Amino acid sequence: MDLLPTDPDAPIYTVDNLIHKKFLDNSNFCLCLQEYLKNSLSIEIAIIPQEPPRDWPKKKKQSLNYLIQLLGTYENREEMERIVSDFFKDLFTKIQCQTFSDDKVKKWLQHSFTRANNIKCIEEIINETSLNLFVVCEEDAQHSLRIHYVAKDLMNVPDSEELNKIIELKISQEVVEVLCSQEQSKTIMKESKTMIAKAEKKGNVSVFIDSIYSGSRRKSYNIILFGYHKLVNRLKNEFLNMIDRRSVVIFKLNLLDEFQIEFLLRECAEKLKQIVKTYKEFGVHFRLRRREFVAPQHLKDEIESCITQLLSSSTSKTFKSIPLSKDIADIAEKQLKNIARKCHCHIITESKYKFRSYTIPKGLSSNGHVLKSTMEQSEHFLSSPDVFNRLAVADGSIEIRTGDIARQDVDTIVIPVTFNGLREGVIERADAFNYEKNYTDETNIKFTETNGGKLNCKRILFSNWTPSKTMNDDDLRKSIKIFISKSIEHATKEKTQTSVAFAVPDSCSNEIILAREMIDTAKKQLESKNLQLKISFILLPEQRTLHSQCFAVIGTMQDIYAQFDWTNRVIKTTVIASHVGNLTKCQEKINSYLNQCTTSKKLTNSNSIFQHWDQYTINAFYKYCQDQCVLLQIDQKKQELELIGPVNNVIEASQRWSLLSDLMAEKFSRISSIECSSSVAMRTPRARSEAVIEAAKVYNIMISYCQEDIKQCQYLINRLTEEGFFVWAEPLIVEQPRDVSSQISKADCIILCVSENYCDSSSCEKEARYAFQTSKQVFPVKIQNHSLISWQREVFEERIFFQLFGSKNHFDLQFGKLLFEILRYTKPTYGSLLQQISGGQNKNADESRSFLTVEQRRSMHNHKIRTLTDIGRIGKKEMKTLVEQLQNVINDIDNTGSESNDQAESNNDNHIRYQNATGQLLV
């Protein structure tokens, strides 16, 4: 039990120094004094705060003095009091002082609103963590810190080293920045104050909230943490975690389409409000029109899961489309989304691609005239990367393709020396190589092997081989064989290699030998070594001649002409709706649309599906179908052709096939009849020439059109001329009468090019009426889309028109129908006979031409001029021929002076009319 003072009103010592009193404010310091006096001097004391007067202000309570009193009774009380008094005087003289004025400490004390708390916190931390010191802290000048300290053993001089370590290492200050909305700030501030109160209650830490900015929507403030470093770091993490939980971020809902947004707004409004209410304290809210929501980072997945769950409550249906060509599938996918949106449904599409090759059959070798446009379409088709030729050999194959060697997905590509920069381009696109290996042997053909770099292939073989232009044919064959065989040998050193692609050189002088030897050598390698290897020869689009030679070589080894790749796309569709009715309606519309996207139609011919077709026409037809997204599948017997594609395109393709089949049959029949007659009637040059002269006395076709329509009609005239017809075509000049009875009488058939201009011309009206009064076959042709008016209704009533306007495909189809009808009513002209003569008996062509009339020679000369003008230049050889022909015409004119003037004038007029129609000018 504590002893009470014998005389409380008589203190033996009074402590009135401010620093000394602050030491005595520390209960541990007081206890240490009491224990020291009791243990060392057997004196017990009481340290009692002086009672303030009744009128003393409460705020000055800390400045009250401390009284030291003796406890118990002592024989020599005065001596004891003196000893205690001297003890305290000596003790207070041992108090040391040190000032800290470094930047770190000044930063702690720079703010007036945190200075007092921070000084108190420093004092508490040192007193609790120090093993040897009691301290009292106060502010010095200019935000410096002054620390008074005394040793805990009381009698020794204190050491400041421990004090320096505590200030340097165990006290820290951190600032946590907070930026939030006004709504969030209330929640964050409330939780922050709770955390601060809890932390300060434990001591050794001081926390202050400093408001920096406060706007209508946003608020910014700092949380200043000061104290014992471990507590400060822990408290900082707690605040950051709290802020992270409370701070919101804008998250985008880009994967939601318009339907899903509408579904959430319309069908899930109440459930969305419930989600917002549940997470109200975290500031969660939705902005669905902007496709976004606001939430803390840690709630992102949870909120997205809630949205997904709302969407999953809708009804869904999944089904697959039929295979569609890639281009059609791209259009169909967009249309499916439009259908779903109109039906208030959401649609999710997923595509799967299927690749397959189909055959192109062989056609007849061309005996007659092939149109330039048909040949161009055929060349464009064959130069496509999708068209190739494949020859199966043993367990391997040989392919001829047009394309880019650097894009070949094979094990090895072989690059010989070329002159088009191919080698450099491959190196640049490969970017970097991991290794290089060089090979050479007695053949002096060197190979450099590298990895494929960024290309699709695994390895690249660069070679120094190139077909020399100075080699004779035998040396060239030998060189090609060695290069191909050595390349295959290097490419198949590893048994895992299954494919190799060659870049075909562009510098060979004899491409026939190159094509033959490449394919033959590759074939022998596959057969002799029984390799399971695909060998590809990759040509550039400009290597058309070599491409044709390669196709011809492979064509002699198999029954098909070529093959083509076709890519189909199957769309997996998932439709989501909030109501079953919308889902059913959407599914019906989608099925209806998909059924219209594609259809199939089978065409049959018991003899051959492409009977009488030449190869150019077959290729051009395949090109047309490819452009129209129509797939052609021919059966093994070549008697059935299936067309697969968009409904309208399949119908047009089938019409085109039927028309071309009829045209090819008709042309074949005409050529056969010409060959038959020529074999009998044209056994001598004289007989052939007489037949030509007889045929040249008439026109195949007489065309009637208005002068204002010459641009529209010229294309028709050119097409008929290309088909080998002799066309008389002089435009009718408005209101200028003319007599065309002689031209009509010479023509097999008549074409009337009807237009608004034609209707407005009285001369055209007379000519049209006269044409229908003759026994000639008349073909009305519309060259513009207009309704029949005035006299046209009477003249053309119930007549079938050929619509030669609109798109090129429509024109071609209508022209084909017109052409078929023309072939039925025309006889072979001298143009057809000359084609026959020049095709089989070129050596007698000049002799045949010598029997032609002046007008016939002029017409042929004009045709030659037009052809060369279309090309854009006249070469020396052609120029020489034209000059000779022109001289013959002049000589013939001189020789015809004895003929009657009327006949000469008639011939000259006819000649001038034809020149005007073709747009040519002759002297």
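The model is predicted, so local features need pLDDT of at least 70, side-chain atom pairs count only at pLDDT 80 or more, and totals for chains, interfaces and linings use all residues. Residues are numbered from 1 along each chain as its sequence is written, and side-chain values use heavy atoms, with hydrogens and water left out.

The protein chain holds 32 helices and 32 strands. Helices (H or I, at least four residues) and strands (E, at least two) are DSSP runs, numbered from the N terminus. Of the 923 residues in the protein chain, 47% are buried. Buried means under 20% relative accessible area, exposed over 50%, and partly exposed in between (1.4 Å probe, protein chains only). Contact means heavy atoms within 4.5 Å. Among contacts between residues at least 6 apart in sequence, 74% join residues at least 24 apart.

Two helix pairs were examined. Helix α5 (residues 112–129) packs against helix α6 (residues 161–169) at about 125°, and their axes lie 11 Å apart. That angle makes α5 oblique to α6. Axes are lines fitted to C-alpha atoms, for helices over the stretch in contact, and angles run from 0 to 180 degrees between N-to-C directions. Angles under 35 degrees count as roughly parallel, over 145 as roughly antiparallel, 65 to 115 as roughly perpendicular and the rest as oblique. The crossing of α5 and α6 is right-handed. A crossing is right-handed if the near helix is turned clockwise from the far one by less than a right angle, and left-handed if anticlockwise. On α5, the contact uses I122, I126 and T129; on α6, it uses E162, L163, I166 and I167. By class, these are five nonpolar, one polar and one charged. Ala, Val, Leu, Ile, Met, Phe, Trp, Tyr, Cys and Pro count as nonpolar, Asp, Glu, Lys and Arg as charged, and the others, Gly among them, as polar.

The axes of helix α10 (residues 269–278) and helix α11 (residues 300–312) come within 11 Å and cross at roughly 165°. This makes α10 roughly antiparallel to α11. Their crossing is right-handed. K271, L272 and I275 of α10 touch I303, C306 and L310 of α11. Five of these residues are nonpolar, none is polar and one is charged.

Strand pairing came next. Two strands pair if DSSP finds at least two bridges between them. Five bridges join β4 to β6 (residues 145–151). T99 stands opposite R146 in β6.

Another open sheet has three antiparallel strands in the order β25-β27-β26. Its edges are β25 (599–604) and β26 (631–634). Here the twist averages 20° from one strand to the next. Strand β26 pairs with β27 (residues 640–645) over four bridges. L631 faces I644 in β27.

Strand β20 (residues 447–451) is largely enclosed by the rest of the structure, because five of its five residues are buried. F447, E449 and N451 lie on one side, and T448 and T450 on the other. Four bridges join β20 to the antiparallel strand β19 (residues 436–439). E436 stands opposite T450. Strand β21 (residues 459–463) also runs antiparallel to β20, over five bridges. There, R459 is the bridge partner of N451.
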